[in-house]
Amino acid sequence: MKNRSDEKIKLASIDELLGVVNEESAMEIEISKIHPFKNHPFKVLDDEKMQDLVESVKINGVLTPVLLRMDENEEYEMVSGHRRMHAAQLAGLTTIPAIVRELSDDDAIVAMVDANIQREELLPSEKAFAYKMKQEAMKHQGSRTDLTLGQNVPKFKRTTEAIADGTGESYKQIQRYIRLTELIPELLDLVDNKKLQFTVAVNISYIDKEVQEWIYEYISDTGFIKPKQIASLRNQLNDGPINQIQMLSIFNNCVMAKKVSRSLTFSEKKLTKYFPDDYTAKDMEQVIESLLEKWMQEQSC
């Protein structure tokens with residue numbers, strides 16, 4: 001019986017998983033009996049869009065049932081519909097229409113990610129952990145994404161190609177997003193807040209966590225990090241570990257300003273008012289140099 005159920009789930013479309021099809025099987029479930037999906041990567045924010053959703057729920061109710069499953073504790077776990085449930089709570093509802101389906105952990109993860117990944121304005125961190133969760137789930141399922149691929153193609157690549165299908169992103173971009181999960185939280189927050197370039201963050205993700213903490217301190221102190229600084233750092237790390245002082249030296253060498261050629265001209269009218277009429281240009285130059293030498297000595301004291 002269980003094998004037939006698993007087979008049915010795998011053949012079901014995403015619309016069926018979300019309850020869009022066969023809506024007659026929806027039932028009202030008490031919100032208090034539903035808990036969020038474990039490690040749900042998508043943020044539920046009380047922003048302007050949420051307020052719009054709350055107003056819609058107050059007027060029309062929840063039009064599309066949420067998708068639930070029974071977990072190992074025989075409790076309701078939200079698979080898809082966290083925002084709708086939050087809006088329903090803010091609107092004062094105590095129950096919500098839901099489809100309850102039998103889903104394995106891996107099937108639930110795939111359904112949860114697929115239902116949310118097309119949302120607009122997702123943060124890089126949300127995509128990163130969602131793609132990571134789906135990748136691991138598909139590996140557990142033994143997913144093969146392209147049977148025409150040669151046997152020497154890494155499984156990681158085949159899985160990311162499957163994840164990329166329908167997302168509008170290349171499998172290489174999917175891999176880059178997954179790399180972001182290797183960042184320390186502080187650096188990932190900078191990516192979400194657009195204070196750290198995406199490609200630079202991906203390069204940092206290959207660096208040890210302790211060194212990432214030094215990088216974060218450097219960014220906090222200076223307000224920037226340049227791609228060439230991280231490239232130089234990674235090259236140095238290939239030769240062996242370094243300490244924080246050495247890292248700072250690498251960064252400083254990358255951003256040392258080149259000496260700019262400067263020319264300075266004083267008009268004769270501007271200079272002659274400071275000198276006697278019988279002073280030649282050479283005399284004036286010697287006095288100026290003498291005064292500058294004295295000024296420089298005073299500055300160094």
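A surface patch is built here from residues with over 30% relative accessible area and no salt bridge, joining like charges within 9 Å and nonpolar side chains (Val, Leu, Ile, Met, Phe, Trp, Tyr) within 5 Å. The model is predicted: local features need pLDDT of at least 70 and side-chain atom pairs pLDDT 80 or more, while totals for chains, interfaces and linings use all residues. Residues are numbered from 1 along each chain as its sequence is written, and side-chain values use heavy atoms, leaving out hydrogens and water.

**The chain as a whole**

- The chain has 15 helices and five strands, where helices (H or I, at least four residues) and strands (E, at least two) are DSSP runs numbered from the N terminus.
- Of its 301 residues, 37% count as buried, meaning under 20% relative accessible area; exposed means over 50%, and partly exposed lies in between (1.4 Å probe, protein chains only).
- Its accessible surface comes to about 19,200 Å², with 49% belonging to carbon and sulfur atoms; areas follow the Shrake-Rupley method with a 1.4 Å probe, and for residues only the protein chains shown count as cover.
- Among contacts (heavy atoms within 4.5 Å) with a separation of 6 or more, 67% join residues 24 or more positions apart.

**The negative patch**

- E186, D189, D208, E210, E213, E217 and D221 make up a patch of negative charge on the surface.
- Two or more residues of this patch come from each of α9 (185-192) and α11 (209-222), and α11 gives the largest share, four residues.
- E217 belongs to helix α11 and is partly exposed because its relative accessibility is 40%.
- Asp and Glu count as negative and Lys and Arg as positive, with His and the chain ends not counted; a charge is placed at NZ of Lys, CZ of Arg, CG of Asp or CD of Glu.
- A salt bridge is a side-chain nitrogen of Lys or Arg within 4 Å of a carboxyl oxygen of Asp or Glu.

**The nonpolar patch**

- L292, W295 and M296 form a nonpolar surface patch with about 360 Å² of accessible area together.
- W295 lies in helix α15, residues 281-300.

**Two single residues**

- H82 is in helix α4 (residues 82-90) and counts as buried because its relative accessibility is 9%.
- Apart from neighbours within four places in sequence, H82 is in contact with P36, F37, H40 and V44.
- G142 sits in the loop between α6 (124-141) and α7 (155-164), and is partly exposed because its relative accessible area is 42%.
- G142 and T159 are 17 residues apart in sequence and 9.5 Å apart in space, C-alpha to C-alpha.
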